Amino acid sequence: MQSKPRSSEDALSKALDILERGGVVGIPTETVYGLAARLDRPEGIERIFTTKARPFFDPLIVHGPSKELLRSYASEWSDVSEALATEFWPGPLTLVVPKTAGVSDMVTSGLSTVGLRVPRQPLTLELLRRVNVGLPAPSANRFGRTSPTRAEHVVADLGDQVFVLDGGPCEVGIESTVITVEDRGVQILRLGALSGGEISAALTKRGVPFEWIQSSQAVSPGQVKHHYMPPVPLVWLENASSLEGLAEKILPELALLPTEWEGVPLIRPQVIKSISKLHLPRDPILAARSLYHELRVQSVGADLLVFVLEPWMQAPEWAAILERLRKAALIRWPSNETP
Ligand code: TXA
Ligand code: MG
């Protein structure tokens, strides 16, 4: 168990020291907590992957204190990138752009592009300013599991050997929107806190020509089928009537699932005595903020967690939340297929 720093100044010095020595630190951001190392410490970057049990094919987002520093990691920086960075940084937007040689293959999983973001969290912004070098950081959870939105989630997932800067609960609660920018072409790789509509509106307002590119091939390498999974199996229900007799019907179906998928262990219940129905606030902003915490809390004492799709969730503001729940679910019911 690590001793708690007395003040945020103590915590920042401790974090700086660990990073300097090639270690990893849990950092709060407005979206979720990240697990950071310095860009210029390969041993730290490797430790990110081993601590999370994350496969090396999944590239990391590099965080920085400013557009100016992050631009130095990009070999191309178009008018679109400039406009979006100016409009949304600090904030929940990750720009994937061509990288310079200074960003290693371990960070980008061998890709020629790098994801860049300035987070909007005062403690982490101060840390980034003081380090003044990029901090690659994925979400600070075990690979495939629910992302952390509180310091205690990081400790619960990764153990108390990982030092976490405690910035309290995350304001946004779900991850950044990841887009690629190639010259004028913009493409969403991962839905997130910022909508496509907000991105279009910002570019139009600034008079920057752009076009949306849609290609089914363009997905982030890390967007594997099972992701964000809570401590107990989650079942996605298309409607509440499917709850009737669910335990008896679904147990044999769950038994047919593999024990592992793309490197992520799939946890199946042996018996289902207690089913917990996931409750989320009706306001999508509040639902996003509490989603990962509720997935953890409402799993406690349950053998199975169910999510019931409600009519009001058809609104576009729910899209990023539903995308997470679809991946967090082990199975969709009654359509009898994995989501
Ligand atoms: O809000 C967030 O984005 C959080 C906080 C900590 O910043 N980070 C986060 O990181 O969610 P992670 O590693 O859990 O998810 C990053 C996603 C992955 O799906 C990864 O594949 C994608 O971004 N990504 C990163 N670099 C990429 C690249 N060069 N090309 C395509 N996808 C990339
Ligand atoms: Mg993640």
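In which order do the strands of the four-stranded open sheet come? Keep that in mind as you load the model, which is a predicted one. Select the four strands and you can read the order off: β14-β15-β11-β16, with parallel pairing.

**Stop 1: the four-stranded sheet**

Look at the two ends of this sheet. β14 and β16 (331-333) are the edge strands, and each has a single partner, so one side of each is left without a neighbour in the sheet.

Next, pick β14 together with β15 (residues 304-308). The two run parallel and are joined by three bridges. To find a bridge by residue, select Ile275, whose partner in β15 is Leu304.

**Stop 2**

Now go to Leu266, in the loop between β13 (264-265) and β14 (275-277). Is Leu266 buried or exposed? Its relative accessibility is 7%, so Leu266 counts as buried. Leaving aside residues up to four places away in sequence, show what Leu266 touches: His226, Met229, Pro258, Thr259, Glu260, Trp261 and Leu330. Then draw a C-alpha to C-alpha distance from Leu266 to Pro233; they are 33 residues apart in sequence and 8.1 Å apart in space.

**Stop 3**

How many aromatic pairs does a search of the whole structure find? Five aromatic pairs turn up. Start with Phe49 and Phe56, a stacked pair at 4.5 Å centre to centre with 25° between the planes. Colour these two by accessibility: Phe49 is buried, with a relative accessible area of 1%, while Phe56 counts as partly exposed at 43%.

Then select Tyr228 and Tyr292, which are stacked at 6.0 Å centre to centre, with 20° between the planes. Tyr228 is in the loop between β10 (211-212) and β11 (234-237) and Tyr292 is in helix α10 (residues 284-297), so this pair ties together parts that are 64 residues apart in sequence. Both tyrosines are buried.

While rings are on screen, bring up two arginines. Arg282 lies over the face of Trp312, 3.9 Å from the ring centre. Over at Trp236, the charged end of Arg332 sits above the ring, 5.5 Å from its centre.

**Stop 4: the seven-stranded sheet**

Switch to the other open sheet on this tour. Seven strands line up as β6-β3-β5-β4-β8-β9-β10, with mixed pairing. β6 (135-136) and β10 are the edge strands, each pairing on one side only.

Zoom in on β8 (residues 177-182) and β9 (residues 185-190): they run antiparallel, with five bridges between them. Select Glu182 and you'll find that its bridge partner in β9 is Gly185. Now show helix α4 (residues 79-88), which lies across β4 (93-98), β8 and β9 and runs at about 155° to β4.

**Stop 5: salt bridges**

Side chains of opposite charge can pair when their charged atoms come close. The count of salt bridges here comes to 20.

- Arg38 and Glu20 meet at 3.5 Å, N to O. They link distant parts of the chain, 18 residues apart: Arg38 is in the loop between β2 (34-36) and α2 (42-52), Glu20 in helix α1 (residues 8-20). Arg38 is buried at 12% relative accessible area, whereas Glu20 is partly exposed at 43%.
- Lys205 pairs with Glu87, with the closest N and O atoms 3.0 Å apart. Here the partners are 118 residues apart, Lys205 in helix α8 (residues 196-205) and Glu87 in helix α4. Lys205 is exposed, with a relative accessible area of 58%, and Glu87 is partly exposed at 27%.
- Arg120 and Glu171 have their closest N and O atoms 2.9 Å apart.

Key
Residues are numbered from 1 along each chain as its sequence is written. Chains are lettered from A and ligands numbered from 1 in the order in which they are written. This is a predicted model: local features need pLDDT of at least 70, side-chain atom pairs count only at pLDDT 80 or more; totals for chains, interfaces and linings use all residues. Side-chain values use heavy atoms; hydrogens and water are left out. Rings of Phe, Tyr and Trp (its six-membered ring) pair if their centres lie within 6.5 Å; planes under 30 degrees apart count as stacked, over 60 as edge-to-face and the rest as tilted. Buried means under 20% relative accessible area, exposed over 50%, partly exposed in between (1.4 Å probe, protein chains only). A charge sits over a ring if NZ of Lys or CZ of Arg is within 6 Å of the ring centre and within 35 degrees of the ring normal. Contact means heavy atoms within 4.5 Å. Two strands pair if DSSP finds at least two bridges between them. Axes are lines fitted to C-alpha atoms, for helices over the stretch in contact, and angles run from 0 to 180 degrees between N-to-C directions. A salt bridge is a side-chain nitrogen of Lys or Arg within 4 Å of a carboxyl oxygen of Asp or Glu.
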